[in-house]
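Hi,

Here is the structure I promised to pass on. Have a look at it first, and my notes follow below.

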Amino acid sequence: MEPVVQFENINKSYGKHVAVDNLNLSIEAGKFVTLLGPSGCGKSTSLRMLGGFETPTSGRIMLSGKDVTRVPPNKRNVNIVFQDYALFPHMSVAKNIAFGLELKGFDNQRIHRRVSELLELVQLQDYANRLPAELSGGQRQRVALMRALAPDPDVLLLDEPLSALDAKLRQQMQIELKAIQEKTGKTFMFVTHDQEEALTMSDTIVVMNKGRIEQMGDPNTLYGRPGSVFVANFIGETNLLRSTVISSKGDVAALNWNGITITANPGGLDPRHGEHLYVVLRPEAIHCSAAEPVLGNRIKGKIRQRVFKGNHTSLMVEVAGGAMLNTLVHPSDVAQLSSEDIWLGWKPETTTVIPDRHAQN
Amino acid sequence: MRNMVSDAPRTTLTAFYWAFILYLLLPLTLMMAMSFKDANFVAFPIGDWTLDWYAKVMQDKQFLEACLYSIMIAAGSTLAATTLGTWIAMLIVADGIRGRTIIFALACLPAVVPGMISAISLRIFISTIDMPTGTMAIILGHTVHAVPFVVVMALTRLRSMPGNLVDAARDLGADGIVAFFRVTLPYLGPALFGGMIFCVLLSIDDFVRTFFLGGYRPTLPMLIFAKVQGGMSPEINAMATIVLVVTAAVGLYAEFITRRARTR
Amino acid sequence: MVNSNTLAGDAAGRGAPIPKYSTGIAQIVNSALYRHTLGAAVESRIGRILLLAGVPVIWLIMLHVGPIYQMLKISLLSHYPIQPGVESHFTLANYAIFFRESLYFTPLIKSFVFATAATAVTLVVVYPVAYYVAKIVKPEGRSKALLLLLVPFWAGELIRTFSVIMLLANRGAVNVLLREIGLIDRPIPMLYTSFSLGFGLVYLICLYMLLPLYSAIEKIPSQYLDAAADLGAGPFTRFRRIILPLSKDGIVSGCSLVFLTCIGVFATPMLLGGPNTVLFPETISGFFHGASDKWPVGAAFALIMLVTALITAGIFMRLVGGKKGSAF
């Protein structure tokens, strides 16, 4: 199937500053795709280029098989949900949603049917005549979403639309957004700097950094098998163990980390002796116990800090060589760990190995 | 306000404020009172009271014509100034415009040129383009005078406008013109309304430009000026009172409308 | 919201009227006429620039700069309007006339003296009022307190000037009152003097001072004053060290506005002044009535006045050192 959106060798620079650096990206129809990255990584610029508000310095953007690189925003079949919603303050909810429909040349009857249908989708039928100022944040969010969906765009672009909401509402809206995407079957292109949002909703996450794509994949892969230090750090909490290869054969590599020998799966890297690698060790993969574990990697450590976080407790454990490891313990297990001295253990297959790019050159 | 300002300055200032209000309102009150004097000459004390002067003014054809003429000129210049002022403001806030400061300075120029000089220069200007003195010239002069105020009011409002609104309209299929008329203009609405009322008052009030640009048909200020120079009579007071009450009511109404719009 | 007009909810049931969404704009935008004219124009970069900048730029150059430029041009001509048979040539003589005759020189000086004095008096009188409204009146009452001050503003220049006559005339309120209490036997001649003119000017322009001062003072956070009082500053020190410096912008723009307005006032001196108070605008006006061949001299004089007035205002802004900016 042909992708709905294709960025082909897209570059965008402002003077000397390069915002987007040779971006190549295809988006399949009906998918929830998230561009994730820190501010200034080029994700918003990419979105605005697709929306037509920025013109690429070079490259081509294809939308449903047509070149739209230089088509103005009002002539392309994409719609944006803006960060601060940008609802028209002088128009009622219904008129806001009807705006794009009228400009498409729909007659009154048809506009009305579509508006009612969309309002029903988000249960805002009773708010049709209200002004945006009379709505709550979540309701405004929904109206903005419906206004952008109304003209039936090929792709719906969402520019950090949840950032203005408080934490609880944000979680609720994440679920709702995903549900609406599934119900309507629309392609969503979502931009955020919040990794949790990305993990919750996306079919595909595109991690961007300094104008380039760092890694792209489904949430599971990105979390479980980050391809770079940046991705490992950006998505979820991580312990990064910079280690030296002692020996490597097939699926098993023996590594030296701070004078401790650990094993990991090099995942096809085939590293040589003496090479440096990063081992990505997620806090929840570490098992903390009072007694020495029998299998897998194991290290003795001292608890330096306990942070209670409600559904779990975070332990900062100092291990040999003075390094700190971040671990995660369930409330039921915390009681057993009364002593400061504990054992940390993990299975080699729960870790991922990333080459140390700098050391290789 | 629970600050530590002691009471003595506060009382003094309060008294000063009311004294100032008295200073502002006393002459106008006296002028209005005199319009009810039952005598042919303007002098205190008033003695007998009458409404005859109002009856006389309302039958004064010259006065009624001057009123209509002034309103016509005010309407024309307000319409032109609002359109031009908004247009200039849109240009000033537009993306990627070079020389923004120069455009703004030029837009404000008529506001810093003293009235008399502005009138003279306009008089010379219309003669160099062979425009006769009269209605068109007055409207042109009043428009030049009013444009800076509209520009400033529109700019203030435009700067408070979320930048995304126009983007959103464009995104939903509106071209630049549609976005302006459907989104920007309604957003400007209350500010422009206030500006328009201000332009009307400015035009009706203007004497010096009208004096130099006008023909033989007198506007309200010109009529009053001629009458005052011709000799005092309570009739002038009645005329002035009517004008004052009407303009104050319009001003108050505009104040009310813009204030309500601002709190929304 | 149950009892209000629940549009979409009703429409689910049959028979409810469909609200009107169309504004007719789609028909306009989709019409061939629009698409081939404006619609096509906004699509291109040049078209957009022309649509946006064309009219404003033409207007600004033609009517904001044009008149001043024409005035300058004519001030350098020997004759204007040009009569048949008379050759007009370039000359500086029109400017020279000003410096030669004290008849012309004195009114300009007087204009400046009156404008400066009126500005100073207005500043001193209006400042406490602005301070009172901005800082002493409670926030809820502020707009009412301001509104009361704005009422006379809606009466025009002429009506305000005229009302001053009621107060100061020989049989005006002040004289009649003074005679009633027996302080004077015959009226003090106040009208048509420097006093009445000054009084009238202040009355005319004091509100131009109020608004800039008010908005500047209102912006000063009250905590600053509390903090200063807390540190032992008395009312006078607080005023001199905090309020005055922080309201400098308002003082500068208020004074410039009042000064420039005052210089250009035309009707008030003619109604309230006497033979000794002929100001420069009246002098200039003389060149445009009757003897129309004196236009170049009038233009030159107007320019002299404009330049000196702007320079004075500029020097003032520099001296006080507020933000350089417009008179608003």
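Let's start with one residue pair in chain A: T244(A) sits opposite N256(A) in β12(A). Strands here are DSSP runs of E with at least two residues, helices are runs of H or I with at least four, and both are numbered from the N terminus. Two strands pair if DSSP finds at least two bridges between them.

A word on the source: this is a predicted model, where local features need pLDDT of at least 70 and side-chain atom pairs count only at pLDDT 80 or more, while totals for chains, interfaces and linings use all residues. Residues are numbered from 1 along each chain as its sequence is written, and chains are lettered from A and ligands numbered from 1 in the order in which they are written.

Back to chain A: β11 (residues 239-249) and β12 (residues 252-257) run antiparallel and are joined by five bridges. They belong to an open sheet of five strands with antiparallel pairing, in the order β13-β12-β11-β14-β20. β13 (260-264) and β20 (352-355) of chain A each have a single partner strand, so one side of each is left without a neighbour in the sheet.

Next, chains B and C. Their contact takes 76 residues from chain B and 76 residues from chain C, with contact meaning C-beta atoms, placed from the backbone, within 7 Å. Helix α1 (residues 7-34) of chain B gives the most to chain B's side, with 16 residues.

As for chain C, it has 17 helices and zero strands. Its C-alpha trace spans about 90 × 75 × 45 Å along the principal axes.

Cheers

Technical notes:
Contact = placed C-beta atoms within 7 Å.
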